[in-house]
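Subject: Structure handover

Hello,

I am passing on the structure we discussed.

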Amino acid sequence: MSDPSSGSARSAALSDIILASARNVQAVLSGRSLSDSLADTPAALRAPAQAVSFHVMRQLGLARAIRAELVKRTPANPLFDALLLTALALLDAAVHFQNESTAGAPERRYTPIYAPHTVVDQAVTAAGEHRQLRPYKALLNGVLRTFLRERHSLLEHVRQQPEALHNHPRWWVQRLRRAYPAQWQSLLLAANIPGPMVLRVNQRRAQTAEVMQALAEAGINVVDAGHDALVLAQPKPVHDIPGFDEGWWSVQDLAAQQAARLLPLQSGMRVLDACAAPGGKSAHMLELADIALTALDADPQRLEKVALTLKRLGLDTQGRVDVRCADAADLTSWWDGTPFDAVLADVPCTASGVVRRHPDIRWLRREADIARTVTLQRTIASALWHTVKLGGHLLYATCSIFPEEGELQAAWFARHHPDAVRLPAPGQLLPLDDGTGLTHDGFFYALFAKQA
Ligand SMILES: C[S@@+](CC[C@H](N)C(=O)[O-])C[C@H]1O[C@@H](n2cnc3c(N)ncnc32)[C@H](O)[C@@H]1O
């Protein structure tokens, strides 16, 4: 059995890792993002707790369905409920990957696997060490042992439910099924396979060949995906890869790397990145052309990251960038009336295309969020259209795979803006292997030109 913990955390007790993970699961179930919650996890436990929490997010539909079978009522104590779900998700993996037929399964590479008896023992120890959880020790022990005894029949039964079978909310499954009748199952499976780490070489600081050589010398294997993109065989902390502090490269998925190249940027242009934080696409545009960029975002904390990113990459020079905190839709609060040659509208969305990197998203979203983001996206994109000069371009982008935020939105925009001409752009990018062996996140791009 492998131990997924790493580095200084290798010596952390599994009971501590399980308890820290349960706290993260509890946070997500109460509406907080997993990355925010992980930031509060003690540093020594963070890496293994992240591996376990990510696993639980990918198996939460199944774990909940099993819990519903084995415990009459949802436990009133939310931390105990999260601990039980965490232990069930780990236990299922423990038994599943013991099986010879799954020993070589690709998911095994990123699934935290411990021996079943260790999971039971350490989960019960975790409960025993926490005052609030102590009364539940016997219940936890009993439920986990019942699961081990009755696993086959239980799994056969609960996998009749779409949420347990696909590990996504039922409404999410139904929407993908309707939108992609031939691909919905592949999309749901792909959402549980972590995306690769991809670098975008900053051509202002380094050549792709130089970066590849430095990485090779450091024993890091990459695939050159073209257009300055390098795909790592194994993800690594950024500081373990040569050139981060020197600004040679940034981490950015292959789909997101398409944005800057879709806008016809030329030196001297006035460009707006209307929803810019944390600044990945702003930086890429500045790397590609000598533009004057306004980088806008409504979130002041996220906007701080834009400034840091541009500084690290050496792109904050010569007054080329105006970083501003404002609501992009409220033109009177930030626009001086001088039109832009190019506008990037990378609008807020459900982020349904990046679930493989953020497995908690599916559980945080509610179906009603789609209608809310659709309205917000229309408001922002329509306001921004006023700021585009005649002959200029607006690129509408979302990291979603729901058509309401993508193709339907682009069609709505074209219908409501008769001066908008839709130009060729990738449209809906699905997070599936396109035959090259490389995968990208789910994204949507529509490009419009303003005609007289
Ligand atoms: C998809 S993210 C942008 C990612 C960014 N373009 C990048 O590549 O790094 C959407 C951003 O829109 C911002 N946002 C949400 N509502 C906004 C509004 N009304 N005006 C400006 N920015 C907004 C959010 O704070 C968030 O940073």
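Confidence. This is a predicted model. The mean pLDDT of the chain is 94, and 97% of the residues are at 70 or more. The exception to keep in mind is residues 1–10, where the pLDDT is below 50. Beyond near neighbours in sequence, that stretch still has 19 contacts in the model.

Domains. The domain assignment divides the chain into domain 1 (7–167), domain 2 (196–252) and domain 3 (264–450). Between the C-alpha centres of domain 2 and domain 3 the distance is 25 Å. Ten residues from domain 2 and nine residues from domain 3 form the contact. On the domain 2 side, the residues touching domain 3 are two nonpolar, five polar and three charged.

Strands. Strand 5 covers residues 270–273 and runs parallel to strand 6, with four bridges joining the two. In this pairing, arginine 270 is opposite alanine 292 of strand 6. Strand 5 is also parallel to strand 8 (residues 340–346), through three bridges. There, aspartate 273 faces leucine 344 of strand 8. Together with helix 12, strands 5 and 6 form a β-α-β unit, and this unit is right-handed.

Ligand. What surrounds the ligand? The shell consists of 20 residues, and the closest are Cys275, Gly280, Asp299, Ala328 and Asp346. By class, twelve of the shell residues are nonpolar, two are polar and six are charged. Helix 12 (280–288) and strand 6 (292–297) each contribute at least two residues to the shell. These two elements are also parts of the right-handed unit described above.

Backbone. Two places are worth a look if you prepare the model for further work.

- The peptide bond from alanine 277 to proline 278 is cis, with omega near 5 degrees. Proline 278 sits in the loop that links strand 5 and helix 12.
- Histidine 227 has a phi near 50 degrees, which is a positive value in a residue other than glycine. Histidine 227 lies in the loop between strand 2 (222–226) and strand 3 (229–232).

Regards

Conventions. Residues are numbered from 1 along each chain as its sequence is written. This is a predicted model: local features need pLDDT of at least 70, side-chain atom pairs count only at pLDDT 80 or more; totals for chains, interfaces and linings use all residues. A residue is near a molecule or strand if its C-beta atom, placed from the backbone, lies within 6 Å of it. Ala, Val, Leu, Ile, Met, Phe, Trp, Tyr, Cys and Pro count as nonpolar, Asp, Glu, Lys and Arg as charged, and the others, Gly among them, as polar. pLDDT is the predictor's confidence in each residue, from 0 to 100. Two residues are in contact if their C-beta atoms, placed from the backbone, lie within 7 Å. Two strands pair if DSSP finds at least two bridges between them. A crossover is right-handed if, with the strands pointing away from the viewer, the path from the first strand over the helix to the second runs clockwise. Domain bounds come from an automatic or database domain assignment.
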